Amino acid sequence: MVIFALESSCDETAVAVVRDGCEVLSSELFSQADMHALYGGVVPEIASRNHVSAIGKLCDLALSKAGIKKTDIDAVAVTYAPGLIGALLVGVNYAKGLALALDVPLIPVHHIKGHIAANYIAFPELTPPFLCLVVSGGNSLIADVKGYTDIDIIGRSRDDAAGECFDKAARILGLGYPGGPALDKLAQGGDDSLFDLPCPVIENAPYDMSFSGLKTAFVNIVHNKEQKGESLDTASLAASFTRTVSDILVPRVIAAALKLGHDKISVAGGVAANSRIRSDFIKAARANNLSIFIPPPGLCGDNAAMIGSQAYYEFKAGNTADMNLDAKASMDLSSLCGEQI
């Protein structure tokens with residue numbers, strides 16, 4: 001089954017052609033990072049306008065590189081929630097028009113389920129059940145993946161997402177946007193024990209997380225040094241910050257996997273590209289005799305291949321949509337699993 005997939009939930013315009021859920025025939029991406037770097041973060045209106053100008057050309061490029069014609073497409077898939085509403089609407093409306101013109105099924109895909117599905121592309125041998133941490137700029141949650149479309153959320157951030165904290169920390173240090181890769185690079189030369197940063201525990205919710213206190217503590221350290229005119233070991237602060245984020249994420253995922261009886265864990269989302277977090281997860285998994293799956297960095301960030309992968313399983317489950325499909329800025333994952341859109 002050949003699925004033509006579109007992803008436009010934030011500032012990346014992405015198009016891919018995926019066969020049978022795991023074979024990527026083409027995957028194209030137009031990044032707006034340089035444009036938004038001027039403002040220190042994503043500007044929704046700019047993102048939407050650039051999706052409009054890029055999506056048509058990107059679709060033609062994806063078809064060309066896949067070596068197929070539009071008539072070879074069996075279904076069209078699109079991210080419809082959650083994300084920036086204007087950005088989502090560009091992808092949803094383009095997908096609806098294409099599906100209507102080709103008279104093929106339209107498959108709506110939840111963005112988080114797409115991130116989980118990136119693992120199916122990188123590791124075709126991975127099958128549910130398993131536990132997955134999805135950690136990105138907009139989400140930090142632990143998912144019990146019971147089946148390809150049957151997923152329960154057992155833990156989540158009570159406030160900020162880990163990726164948002166990385167971007168904020170990088171911006172405070174003048175590293176620009178996106179901040180995650182720059183902060184990762186800076187941390188390589190630092191002492192991760194130099195700064196003591198908060199690692200909160202949520203009472204009666206062992207798998208829930210909180211990052212707002214960590215972000216505030218980081219900002220206060222930088223401002224305090226600036227006000228006193230003192231030098232700041234930015235590499236060690238970055239290393240300490242990254243170690244603390246890892247200390248929040250890794251033990252919760254390991255504990256949840258052992259509690260639920262899973263022998264496989266995976267990590268997905270943009271923050272999964274961080275070298276320290278990847279390393280800590282691999283070490284912890286091995287220490288607890290768990291199989292660990294983390295996609296290569298190219299599949300961690302937003303991309304359309306992951307949407308095409310998840311769409312294959314959504315179609316098999318009968319989850320398709322008609323021309324009334326609308327974009328949703330927010331939508332809880334647990335509420336829609338196993339239900340037809």
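**Note on salt bridges, sheets and cores**

1. Arg156 is partly exposed, with a relative accessible area of 34%. This is a predicted model, and in it Arg156 and Asp332 meet through their side chains in a salt bridge, at 3.1 Å from N to O. The partners come from distant parts of the chain, with Arg156 in strand 8 (residues 151–156) and Asp332 in the segment after helix 11 (305–316), 176 residues apart. Asp332 likewise counts as partly exposed, at 35% relative accessibility.

2. A search of the whole structure gives 13 salt bridges, and another of these joins Lys65 to Glu28, where the closest N and O atoms are 3.6 Å apart. Lys65 belongs to helix 2 (residues 44–66) and Glu28 to strand 3, so that distant parts of the chain, 37 residues apart, are linked.

3. Because Asp160 lies in the loop between strand 8 and helix 5 while Lys215 lies in helix 7, the pair ties together parts that are 55 residues apart in sequence. Both residues are buried, and together with Glu164 they are linked in a network of salt bridges.

4. Which residues touch the most other members of the largest nonpolar core? In this core of 43 residues they are Leu133, Phe211, Phe241, Val245, Leu249, Ile265 and Phe281. Among the elements that give two or more residues to the core are strand 6 (130–135), helix 7 (212–228), strand 9 (264–268) and helix 9 (275–287), and helix 8 gives the most, with 12 residues. A second, separate core holds 36 residues, including Ala16, Ala77, Tyr120 and Leu141. Phe211, when neighbours within four places in sequence are left aside, is in contact with residues that include Asp160, Cys165, Val245 and Leu249.

5. Strand 9 is mostly covered, five of its five residues being buried. From this strand Lys264, Ser266 and Ala268 point one way, and Ile265 and Val267 point the other way. Strand 9 runs parallel to strand 6, to which four bridges join it, with Val134 standing opposite Ala268. Strand 9 also pairs in the parallel sense with strand 10 (residues 291–293), over three bridges, and there Ile265 stands opposite Ile292. Strand 9, helix 9 and strand 10 together make a right-handed β-α-β unit.

6. A separate point concerns an open sheet of five strands, which has the order 3-2-1-4-5 and mixed pairing. Strand 3 (23–31) and strand 5 (106–110) stand at the edges with a single partner strand each, so one side of each has no neighbour in the sheet. From one strand to the next the twist averages 20°. Strand 4 (residues 75–81) pairs with strand 5 in the parallel sense over five bridges, and Val76 stands opposite Leu106. Helix 3 (residues 85–102) lies across strand 1 (2–7), strand 4 and strand 5, at about 160° to strand 4. Helix 4 lies across strand 1, strand 3, strand 4 and strand 5, and runs at about 95° to strand 5.

7. His115 is found in helix 4 (residues 111–122). Is this histidine, His115, buried or exposed? At 1% relative accessibility His115 counts as buried, because the cut-off for that class is under 20%. Not counting residues up to four places away in sequence, His115 touches Val134, Ala268, Gly269, Cys300, Gly301, Asp302 and Met306.

Note on methods: Residues are numbered from 1 along each chain as its sequence is written. This is a predicted model: local features need pLDDT of at least 70, side-chain atom pairs count only at pLDDT 80 or more; totals for chains, interfaces and linings use all residues. Side-chain values use heavy atoms; hydrogens and water are left out. A nonpolar core is a set of buried Ala, Val, Leu, Ile, Met, Phe, Trp, Tyr and Cys residues joined through side-chain atoms within 4.5 Å. Buried means under 20% relative accessible area, exposed over 50%, partly exposed in between (1.4 Å probe, protein chains only). Contact means heavy atoms within 4.5 Å. Two strands pair if DSSP finds at least two bridges between them. Axes are lines fitted to C-alpha atoms, for helices over the stretch in contact, and angles run from 0 to 180 degrees between N-to-C directions. A crossover is right-handed if, with the strands pointing away from the viewer, the path from the first strand over the helix to the second runs clockwise. A salt bridge is a side-chain nitrogen of Lys or Arg within 4 Å of a carboxyl oxygen of Asp or Glu.
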